[in-house]
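Subject: Structure handover

Hi,

My notes on it follow.

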Amino acid sequence: MSARPPEDPLICLCARVQESAILAAKCSGIRDIPALRLATGANTGCGDCLQDLEELLE
């Protein structure tokens, strides 16, 4: 039996920011990483999520 991925995956593990928060920020008009950091706290730790965040903001 394989585990199903979470329906709302964590994108930023350091700040515990889920994909839904990133997409909500995008819907509110956020289009760049500095603004996303301020709005969600994502990418304020180790930085490993940067590529995922950039892809979600495309």
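D52, E54, E55 and E58 form a surface patch of negative charge. Patch members have over 30% relative accessible area and no salt bridge, and like charges are joined within 9 Å. A salt bridge here is a side-chain nitrogen of Lys or Arg within 4 Å of a carboxyl oxygen of Asp or Glu. Asp and Glu count as negative, Lys and Arg as positive, and His and the chain ends are not counted. Each charge is placed at CG of Asp, CD of Glu, NZ of Lys or CZ of Arg. Accessible areas come from the Shrake-Rupley method with a 1.4 Å probe, and only the protein chains shown count as cover for residues.

D52 is partly exposed because its relative accessibility is 37%. The cut-offs are under 20% for buried and over 50% for exposed, with partly exposed in between (1.4 Å probe, protein chains only).

Before you go further: this is a predicted model, where local features need pLDDT of at least 70, side-chain atom pairs count only at pLDDT 80 or more, and totals for chains, interfaces and linings use all residues. Residues are numbered from 1 along each chain as its sequence is written, and side-chain values use heavy atoms, with hydrogens and water left out.

Now the overall layout. The protein chain has 3 helices and 2 strands. From the N terminus, the order is β-β-α-α-α. Both element types are DSSP runs, numbered from the N terminus: helices are H or I with at least four residues, strands are E with at least two. Of the 58 residues, 26% count as buried.

Next, helix 2 (residues 33-40). At its start, a side-chain oxygen of D32 comes within 2.9 Å of the backbone nitrogen of A35. T40 belongs to helix 2. T40 is partly exposed, because its relative accessibility is 21%. G41 follows helix 2 and has a positive phi, near 85°.

Two other backbone angles deserve a look. Most residues other than glycine have a negative phi. R16 has a positive phi, near 55°. R16 sits in the loop between strand 1 (10-12) and strand 2 (17-18). R16 counts as exposed because its relative accessible area is 59%. N43 also has a positive phi, near 65°. N43 is in the loop between helix 2 and helix 3. N43 is buried, because its relative accessibility is 9%.

What does the side chain of N43 contact? It makes a polar contact with the side chain of R37, at 2.7 Å. A polar contact is a pair of N or O atoms within 3.5 Å; within protein, one must be able to donate a hydrogen and the other to accept it, and residues adjacent in sequence count only if both atoms are side-chain atoms.

Last, some C-alpha separations. T40 and A15 are 25 residues apart along the chain, with 8.5 Å between their C-alpha atoms. For R16 and G41, also 25 residues apart, the value is 8.7 Å. C14 and C49 are 35 residues apart in sequence and 9.1 Å apart, C-alpha to C-alpha. C14 lies in the loop between strand 1 and strand 2. C14 is partly exposed, because its relative accessible area is 49%.

Best wishes

Key
Patches are made of residues with over 30% relative accessible area and no salt bridge: like charges are joined within 9 Å, nonpolar side chains (Val, Leu, Ile, Met, Phe, Trp, Tyr) within 5 Å.
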